[in-house]
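User: I would like to learn how to read helices and cores in a model. Please give the general idea each time, then the case at hand.

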Amino acid sequence: MANAKDILKKNMSQQNYDKLVVLDNEKLFNFVADAIKLTNPASVFVCTDKPEDMQYIRELAIKTGEEKKLKTKGHTYHFDGYSDQGRDKSVTKYLLTKGSKLEPVLSHVEKSEGLNELNSFFKDSMVGREMIVCFFCLGPTNSEFSISCAQITDSPYVAHSESILYRWGYEQFKKVGTGSNFFRFMHTEGELEGGVSKNKEKRRIYIDVEDDIVYSVNTQYAGNTVGLKKLALRLTINKASKEGWLAEHMFVMGAHGPNGRITYFTGAFPSACGKTSTAMISGQTIIGDDIAYLRKIDGKIKCVNVEKGVFGIIQDVNPDNDPAIYKALTDPGEVIFSNVLIKDGKPYWLGMGQELPKDGVNHSGQWQAGNKDANGDEITASHKNARYTLNISELANRDPRIDDSEGVEVGGIIYGGRDSDTWVPIEQALNWTEGIISKGASIESETTAATLGKEGVRTFNIMANMDFLPLPMGKYIQNNLDFANDIENPAPIFSVNYFLRNKEGKYLNGILDKKVWILWAELRVNGDVDAIKTPTGWIPKYEDLVKLFNNNLKKDYTKESYEQQFTTRIQEQLAKIDRIEKIYEENADTPKLVFKTFNAIKARLKDA
């Protein structure tokens, strides 16, 4: 039987073979050789860190029609299939050997059964196409945070997206040497019809946390196919759990305080709850908008942005609310638009701050206002989950430490959800334990168009990470609690809520008010302001918010607004704790400290 190198040499050009074998990694050779035997590609391209290799990927995306050029230099657009517009949770599952333990609510399939199914879908899937082998690094290169990755795909759109979102990792991969400490990703878009994945009933996204590999088949939407994003997050949470650090669904941003001071915050929010817009608050600086690794270094909590780009929801990005992103989306530069409306070589999206054309081309094909789908629902000009992909270096508000290999010190941690009636706009937990349990482990949020399914349903979402957990919730909570054990002054933990409403359903906050909440947290972390103690945490004093609103938003902040926003809603808080407790009562491994903490908060609420 031919060994891996023989298979590679037979199926690759000498140039591409040489690029691969210099990496001197038997596990990598077997990965690529097995993929070649299974998918039977017409050719194989190995992408190094050289600019000409990345340029080849960009041109291939245009040549295959997966992307098309727009009028603005460097801008392209891509359409996913009509039923391929969000993360498909129904077919995203873990591959587990018999006897492995996982939360009952987390989907999984027996490994041998799942692999047999995948092999049947991958079989000959790349006939007539070029297989692309790419290398990327999660986290900055040459860092304690670095994780090397190898990606196989037949989609130049996927490879192009990853080249924007992640640091190139071919040279970094050489440091893996003969070892096996790297992540693997294998994707095929499958049979195409009209340029999009055809066999949606055979769509599968399977994650093997035991062997650090992700499989994705018969899909193009980046949330299902860009393996290094939320799919890799499952692998890193598992890895971090074993090694004593944290991989979290968090932004990293610099809040700018008095006298040039910068305090770095991480923050976890479910999709479409204000996460990216918080990372992009005007006057502040962004390191990353989605995923962070946190490690304890020299007695401090340090973190990095796993990515170097943004795969963001484009709806409501406009020059008033998101000036830095809007400028990057309208200036020349490398940007991929997906599932927006295209008219005369220009992209249009919902909430962009201008009137949209009445016709054009979108993910549904030729479109005009009033079009309906097969269910009779309106087809909007741009999909609600339409996206943009760009490099953070394109943003004027990028932080100078975005690639710091040592990471930045975490000054504060923020948890937010979509909550109409319970949490106040901002509150500091009384201590680390209450922050983790009553803030992070108690997030609830209304569902949005970012996942396939019904919108507007209030769902529990532990640390905004529920969809990505590869281990039991109790273990995950304990990991977070234990993380601060040997830290003398762990970062304060805050909750935020931008979606509080009055009884008439009107939002109590403006879109830009989040700047005040974050700047108050910056002052609080540094001991510059006092706060009022409530049964659930520390809230701002009215007079401090008046100054912040006036100085930063040129806005008068009334006592009436303060009282509406920061009144402790005792019955709603008690009801929320009851809902969350019931979830944890169903999990035998929930730490007893969770219930002890909830009981203490409930007692304080009842006393109040």
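User: Which residues of helix α2 are buried?

Analyst: Keep in mind that this is a predicted model. An α-helix has 3.6 residues a turn, so residues three or four places apart point the same way. In helix α2, residues 14-21, the buried residues are N16, Y17, K19 and L20. Their arc around the axis is only 160°, which means that they sit on the same side of α2.

User: What do the buried residues of α2 pack against?

Analyst: Their partners are the helices α1 (4-11), α3 (26-39), α4 (51-63) and α7 (170-173), together with the strands β1 (43-46) and β6 (130-138).

User: How do I read a pair of packed helices, and at what angle do α14 and α15 pack?

Analyst: Two packed helices are described by the angle between their axes and the distance between the axes. For α14 and helix α15 (residues 542-553), the angle is about 120° and the axes are 10 Å apart. α14 is therefore oblique to α15. The crossing is right-handed. On the α14 side the contact involves K515, V516, W517, L519, W520 and L523, which meet L545, L548, F549, N552 and L553 of α15.

User: At what angle do α12 and α13 pack?

Analyst: Helix α12 (residues 432-439) packs on helix α13 (residues 473-483) at about 155°, with the axes 9 Å apart. That angle is over 145 degrees, so α12 is roughly antiparallel to α13. α12 also passes α13 in a right-handed crossing. W432, T433, I436 and I437 of α12 make the contact with I477, N480, L481 and F483 of α13.

User: Which residues touch the most other members in the largest nonpolar core?

Analyst: In soluble globular proteins, nonpolar side chains tend to be buried together. Here the largest nonpolar core has 155 residues, and L138, Y293, L329, I462, L545 and Y584 touch the most other members. Helix α14 (residues 514-525) gives the most to this core, with seven residues. A separate second core has 37 residues, among them V32, L38, V109 and F173.

User: What is L329 in contact with, beyond its neighbours within four places in sequence?

Analyst: L329 is in contact with H75, I314, V317, V335, F337, W349, Y388 and L390.

User: Is K533 buried or exposed?

Analyst: K533, in strand β32 (residues 531-534), has a relative accessible area of 56%. The cut-off for exposed is over 50%, so K533 is exposed. Leaving out residues up to four places away in sequence, K533 touches L430 and W538.

How values were computed. Residues numbered from 1 in each chain as written. Predicted model: local features only at pLDDT ≥ 70, side-chain atom pairs only at ≥ 80, totals over all residues. Heavy atoms only, no water. Core = buried A, V, L, I, M, F, W, Y, C linked by side-chain atoms within 4.5 Å. Buried < 20%, exposed > 50% of the residue type's maximum accessible area, 1.4 Å probe, protein only. Helix = DSSP H or I, 4+ residues; strand = E, 2+ residues; numbered from the N terminus. Contact = heavy atoms within 4.5 Å. Arc of directions from axis to C-beta. Axes fitted to C-alpha atoms, helices over the stretch in contact; angles between N-to-C directions. Parallel < 35°, antiparallel > 145°, perpendicular 65-115°, else oblique. Left-handed = near helix turned anticlockwise from the far one by under 90°.
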